[in-house]
Amino acid sequence: MARRVAGGRLQRREARSAYLFIAPWLIGFLVFTAGPMIASLWLSFTDYSLVGDTKPVGLVNYEQLVQDPKVATSLSNTFVYAALFVPLGTVVALALAMLLTKVGRASGFFRSVFYLPVMTPAVAAGAMFLLLLNGQRGLVNEVLGWVGITGPDWTTDPAWLKPSLALVSLWTVGGSIIIYLAALNNVPKQLYEAALLDGAGPVRRFVSITLPMISGALFFTVITHTIAAMQMFDQAYTMFYGPQQKATASDESLVYMVYLFQNGFQFFKMGFASAMAWVLFLIILVITVIQVRVGNRFVYYEGGSTR
Amino acid sequence: MGSMVAGRVMTLVLVCGMVGGCAGVGGSGGAAPSQGASGFSGKPSGTLRIMGFGGEDEVAQARVNAFKAAYTDVSVSNSKGEFDAQQFLTALASSNPPDLVYMDRNLIGTYAKKGAVQPLEACVSGQSINTSQYREAALKSVTLGGKLYGIPEFYVVTTNLVDGKSLAAAGLGAKDIQTKDWPALKATAGKLFKQDGNKIQRIGFDPKLPEMFPLWATANGATLIKDDGAPNLNDPKAVEALSYTVGLVNDQGGWTKFKSFRDAYDIFGEQNPLSAGTVVAFPMENWYVNVLRDFIPKGLQLDAAPFTDHEGKPISMVGGSAWAIPKGAKNPVAACAWAKTMTDTATWMTAAEARMAKVKKDKSFFTGLFTANKVADERIRSTYLTDAPDPGFKQAIESYYATLDTATALNPSPAGAEIDAAWKSAAARALAGQPAQQALDQAQKEAEAAFSKANGNG
């Protein structure tokens with residue numbers, strides 16, 4: 001009995017310590033995330049414009065959101081961009097990570113090289129890619145021309161705007177490369193040895209050993225890539241909507257977050273922008289739930305059963 | 001997981017949500033209340049916080065120094081950089097606005113209607129600002145509902161700049177670059193345009209869409225924004241102008257190639273389009289001759305031709321910035337004194353002296369200083385402007401000066417920002433292939449809805 005009481009005290013003391021340790025994060029979460037979220041939810045039911053009176057308007061912002069054709073356009077553009085970027089980003093990052101496993105001692109150097117772009121400002125990267133992808137005088141089309149390919153007008157042809165945005169976004173897959181590299185290094189070597197003895201070729205080893213063993217990492221990055229893609233802003237804004245572009249952008253490049261920004265800070269419709277933010281939040285939530293449900297069928301969890 | 005997603009999605013509304021959300025509520029609606037003249041009169045002192053003003057060149061620095069010398073009790077704090085709507089609005093919403101903001105004049109109407117900037121009648125009387133010295137078109141663009149909301153500064157006008165070398169090589173002269181006879185201009189542009197396979201080599205005449213659509217529409221007799229601020233974007237004359245200018249682009253490779261080619265211009269460098277021969281002519285603002293002057297020794301042969309209406313009368317749209325005092329500014333006296341000092345005749349003369357000193361040091365020549373202060377402009381012109389040693393530059397400078405008294409600005413509107421976005425978007429859609437009528441009908445619908453809402457009817 002006395003031992004149980006002492007154990008209870010210890011548990012409470014430990015719990016107190018634990019809460020103290022996570023208090024900075026909790027405070028940060030409440031002040032900088034939960035608070036603004038609640039405030040923006042309330043604002044989405046008002047005509048808040050940053051200046052002047054604010055009146056509750058009920059569901060008017062949500063009704064306008066459904067009626068505004070540009071919301072549908074921007075959402076559709078965002079989905080297409082995500083559908084292009086997520087698989088492409090995953091494949092490129094995995095391919096580069098697999099190459100890194102082969103470079104031996106130089107791996108550390110290349111890891112840094114591949115991660116460096118993540119540290120460069122998205123605005124600078126966007127401006128640089130505008131020059132590289134210029135359809136008439138850009139380096140990319142110049143190189144394609146050497147092998148007889150006439151490259152498209154990547155940054156001005158409406159059909160190529162989203163693919164070029166997806167290409168530009170590959171610049172920041174360095175984070176995923178590091179995650180895949182760690183996952184690949186954790187795959188037990190004896191599994192490959194056993195497969196080799198059984199006569200399995202490289203493709204069979206990749207499909208039957210590598211992919212299942214790194215499925216947890218793949219699952220995580222697919223979810224985070226999807227969320228990032230749905231919230232794409234920096235590159236799209238820099239490449240097509242920044243002051244240098246002088247409003248020459250086609251609606252084909254209008255992604256959801258850019259339209260949200262325009263409504264909030266260009267047209268003073270902060271209530272409407274808040275409603276847009278909440279709709280996007282719900283869309284991402286639904287997509288993530290579906291991904292988790294579907295993904296759990298294929299993911300191998302080390303130390304537990306495959307669910 | 002959810003919190004992480006939310007945190008990222010809400011980044012843009014974070015500041016306003018937590019800080020401005022509460023601060024904005026219950027604030028005064030509509031146009032900001034005017035402070036009495038006493039709020040702007042008296043001896044300026046304290047800290048003056050400015051937003052949106054780069055102010056790096058000698059013309060800006062000479063005027064800043066003039067203010068500092070005149071008001072030694074004022075400490076100027078300038079967060080350098082272009083006007084940033086997000087930065088300004090969040091500062092305003094968190095009850096921490098700057099004392100003074102420097103913004104494009106075409107934004108003033110929208111900000112005034114929202115109550116983000118104050119009417120300046122009291123500032124004008126409190127600091128005895130002589131408004132008769134400013135050009136009418138500039139004053140009109142910062143006046144909404146009969147009240148003045150900004151003190152105009154520069155006066156940006158447009159004329160056609162020409163690469164004389166390419167033009168002569170094509171057997172044409174500056175007289176062929178004219179906007180009076182549109183079919184003839186189309187033929188000239190076609191003659192000057194060069195393409196090799198899929199690659200454009202030279203644009204003959206660039207109508208500078210979408211940004212110069214108002215110039216073409218005005219030249220064709222359209223009024224895009226009516227006197228009461230209502231949009232008139234699908235005026236048949238405006239539709240005709242958009243259709244024509246899009247046709248010019250389509251005849252020269254089509255928009256996707258044309259824009260790609262144009263995006264690669266090195267506007268400020270040795271390989272600028274007029275030196276490199278990548279464009280033969282385009283309408284361009286007056287500040288650009290000051291950039292081009294440095295490239296005469298490298299072989300640039302500039303020429304110019306006025307941008308005219310169908311009657312042959314030189315016309316131009318007026319651009320430029322203005323000083324405005326935000327709602328809740330803590331030091332309106334110093335702000336008003338600054339706006340007065342930066343734009344008055346004596347200060348502009350000091351700025352012109354500084355420019356002349358720089359010109360002399362660079363062994364170059366003066367290309368004019370175009371301000372919204374008519375008195376200062378005339379005095380600077382008569383005191384400092386001599387014939388440019390280069391005939392092309394002389395022609396360009398004369399063309400710019402010829403437009404000053406006839407140049408017009410779009411009328412201010414309480415939905416100015418939305419109307420601006422609507423016509424730009426329409427021009428972009430038309431360039432991408434949508435018929436001009438359809439594009440401008442859609443723009444008119446969007447702009448009308450915004451105008452109606454801005455007037456409290458939506």
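I start with how the model is set up and then go through those topics in turn.

This is a predicted model, in which local features need pLDDT of at least 70, side-chain atom pairs count only at pLDDT 80 or more, and totals for chains, interfaces and linings use all residues. Residues are numbered from 1 along each chain as its sequence is written, while chains are lettered from A and ligands numbered from 1 in the order in which they are written.

Confidence, then. The predictor gives the complex an ipTM of 0.80 and a pTM of 0.84. Helices and strands here are DSSP runs numbered from the N terminus, helices being H or I of at least four residues and strands E of at least two. Among the elements of chain B, the lowest mean pLDDT, 37, belongs to helix α2 (residues 11-24), and the highest, 97, to helix α11 (residues 236-251). Over residues 1-34 of chain B, pLDDT stays under 50.

Next, the domains, whose bounds come from an automatic or database assignment. Chain B has domain 1 (39-157 + 318-411) and domain 2 (158-317 + 415-454). Their centres, taken over C-alpha atoms, are 27 Å apart. Contact between residues means C-beta atoms, placed from the backbone, within 7 Å; by that rule 29 residues of domain 1 of chain B meet 33 residues of domain 2 of chain B. On the domain 1 side, α5 (105-113) and α18 (391-403) of chain B are the elements that give two or more residues. The largest share, nine residues, is from α18(B).

Now a helix pair in chain A. How do α13(A) and α14(A) run relative to each other? The axes, lines fitted to C-alpha atoms over the stretch in contact, with angles from 0 to 180 degrees between N-to-C directions, come within 7 Å and cross at roughly 160° for α13 (residues 256-266) and α14 (residues 270-295) of chain A. The two helices are therefore roughly antiparallel, the term for angles over 145 degrees. Residues making the contact include A:Tyr256 and A:Leu260 of α13(A), and A:Phe272 and A:Met276 of α14(A).

Last, the backbone. Most residues other than glycine have a negative phi, and most peptide bonds are trans. A:Phe268, in the loop between α13 and α14 of chain A, has a positive phi near 65°. In chain B, a cis peptide bond joins B:Leu209 and B:Pro210, with omega about 0°. B:Pro210 sits in the loop between β9 (199-205) and α10 (213-219) of chain B.

Notes: pLDDT is the predictor's confidence in each residue, from 0 to 100. Two residues are in contact if their C-beta atoms, placed from the backbone, lie within 7 Å. Angles under 35 degrees count as roughly parallel, over 145 as roughly antiparallel, 65 to 115 as roughly perpendicular and the rest as oblique.
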